[in-house]
Amino acid sequence: MGKVLVLLMGGVLLVSAGCRGPKPVLTPRYSQAPENPDLHSASQPWLVRVVHVDMELQLDFESECLVGSAVYSLQRSDPHEPLILDVASLDQISVHGLDGEPRGFHLGDTQERLGQALTIQLEEFDQAVRVRWKTRPEGEALQWLGPEQTASGLGPFMYSQGQAILTRSWLPIQDTPGNRISWSARVTAPRDLRVVMSGEGTGAQEIPGDPSRLVWQHELSLTVPPYLIALACGRLERRAISPRVAVFAEPATIELAATELGGTEAMLVAAEKLFGPYLWGRYDVLVLPPAFPFGGMENPLLTFATPTILAGDRSLVSLIAHELAHSWSGNLVTNETWEDFWLNEGFTVYCEQRIIEEIFGKGRSEMEQALARTDLLAEMETLEPWQTVLAIDLDGRHPDMGFSWVPYEKGALLLRRMEELVGREDIDDFLSAWFEAHAFQSASTADFEEFIAAGLAKLRPGAMANLDLNLWLHQPGLPDDAPMAISESLLMVDAAVSRVIAGTDPAMVIDAEWNTFQWLRFIHGLGQDASPELLGTLDGQFGLTSSGNAEVLCAWLELGVRRGYGGIDERLEQFLLTVGRRKYLVPLYDALCSSSEGRVRAQQIYLRARPLYHAVSTQTLDTLIHD
Ligand code: BES
Ligand code: ZN
């Protein structure tokens, strides 16, 4: 590639070897209003833009709130315009200039789940302002857990989840993925807890006169969209995996986590070989308490992960490959608005599959691809046509409404189709060129179309003429030319399913050596045809109800509920009362709600379990349970 990246505060200079001089790429978009403004942010960064935020945060575990004060450095294109920040569920807001004098501000009406616009009147000379605030317990981003809700039970825990538009509920900010900022933070927390953030940590300092607390410092001079600013605080231990990879987890999970994630450095090496240099420095993983609502969240330098990936056999580490791949697709090249979300996730799933192939071989990648395609097709049956379009229309809709397997799997299948057409070498060049051309910028679906028209379509006109990009990007459904991965190992399982359904003793056809993916295929394959007796036999032979693999267990519990197999009841309740991962909760509660007695049971369990879940999960479940 022959390029060197020179990193500067708040931006990047791309220096091309052999080119005449450095080419500045300092967020050029915000010199003017974008063609497709972000529907989910009131801020107008092209008029007044925040370029850096310097935060002082105090974590108060007693009242479960964060008290903040931040200085916002500004770039003002129009000296008469106010600064507009997005806020949600914040109290005690005040604004001052750096001269210490108050500045006038106005809090707009609350828009359902979008929050409010905080409009700040600036003096002509203001290059920065200070905002103070306090979070409310009902704010959606932060979750505060009591000791009993952690894996270790040793102390309280808190963490943030910013994506898609939740950062505004703990930090007033121009909360649009089209605007990148650098940041720094000093976070005060009780002395026995550790603070970690999605940036470089520079350690903890004593507070004169206050022996009970410490101040933790972090900063990120590379620019990121606000949804990627994250923090967590709790009783955390750290284990190094390699000089640039470490794992943080509660004492109860640290050993398992360090072993399970021991292959992360190898993944990082594979990813760099495929997609270009890793520009973020460290890659650490924080394993959260089981309440975490996602599988993983790609917070820069510090992936947040659910403990449910700790299966003991590294069978669920594709989630780490996924979050790691976001270091290129998502964090380096960011979807410009949430309507371009497929650019983040579709690219990432494709990249994740390539990392998995590199580390574990083609066979494993094909199994994972085949399972994902089946999930996509099954889910698409339940979606409305607009939800199955890659370049989704979110006008009047919350970004969460665009969340499904479509941006992930349909997006990845588009790249897989391009690979089929132009070959590995050209798709790899395309990926590295895309990441390099848009590094530390945001990109839209239109940018993707232009990039292909100017690049791959010119380079390989014959092959690319066979791709109907408009159909893939702008029409509902899955195009007929979507590739289909064939996995020999899963075909064997399909044959076993047919025989078991036909009455053969499961022990005769199931191989005790089956891997996670084969079990998943088997459980899904049984579907409507499994009697409670058959499930009882399987359980007796293979102990599925006591599986320590969360994917297998969740698929099994769902099947058990749907087929009326009582042997799972106790385990199901225990699972719902400890795990907060939305991907598992939704199918399980949904299965329960498919019968009237089940719905009553679901409501009883939910009443007890709800305080454990993060707002991301309760937002979805509240409607599911009560509809
Ligand atoms: N960035 C997503 C999580 C996300 C998406 C949070 C949209 C909020 C809004 C993350 O990278 C992700 O996709 N996680 C998946 C795992 C993946 C292997 C499919 C998850 O959490 O299950
Ligand atoms: Zn993702």
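Five strands, ordered 18-19-20-22-21, make up an open sheet of mixed pairing in this predicted model. Strands are DSSP runs (E, at least two residues) numbered from the N terminus, and two of them pair if DSSP finds at least two bridges between them. The edges are taken by strand 18 (237-242) and strand 21 (296-297), each with a single partner strand, so one side of each has no neighbour in the sheet. Strand 20 (residues 283-287) runs parallel to strand 22 (residues 302-305), and four bridges join the two. Val287 has Ala305 of strand 22 as its bridge partner.

Residues are numbered from 1 along each chain as its sequence is written, and chains are lettered from A and ligands numbered from 1 in the order in which they are written. Local features need pLDDT of at least 70, side-chain atom pairs count only at pLDDT 80 or more, totals for chains, interfaces and linings use all residues, and side-chain values use heavy atoms, with hydrogens and water left out.

His322 and His326 are both buried, that is, under 20% relative accessible area, where exposed means over 50% and partly exposed in between (1.4 Å probe, protein chains only). Leu491, at 42% relative accessibility, is partly exposed.
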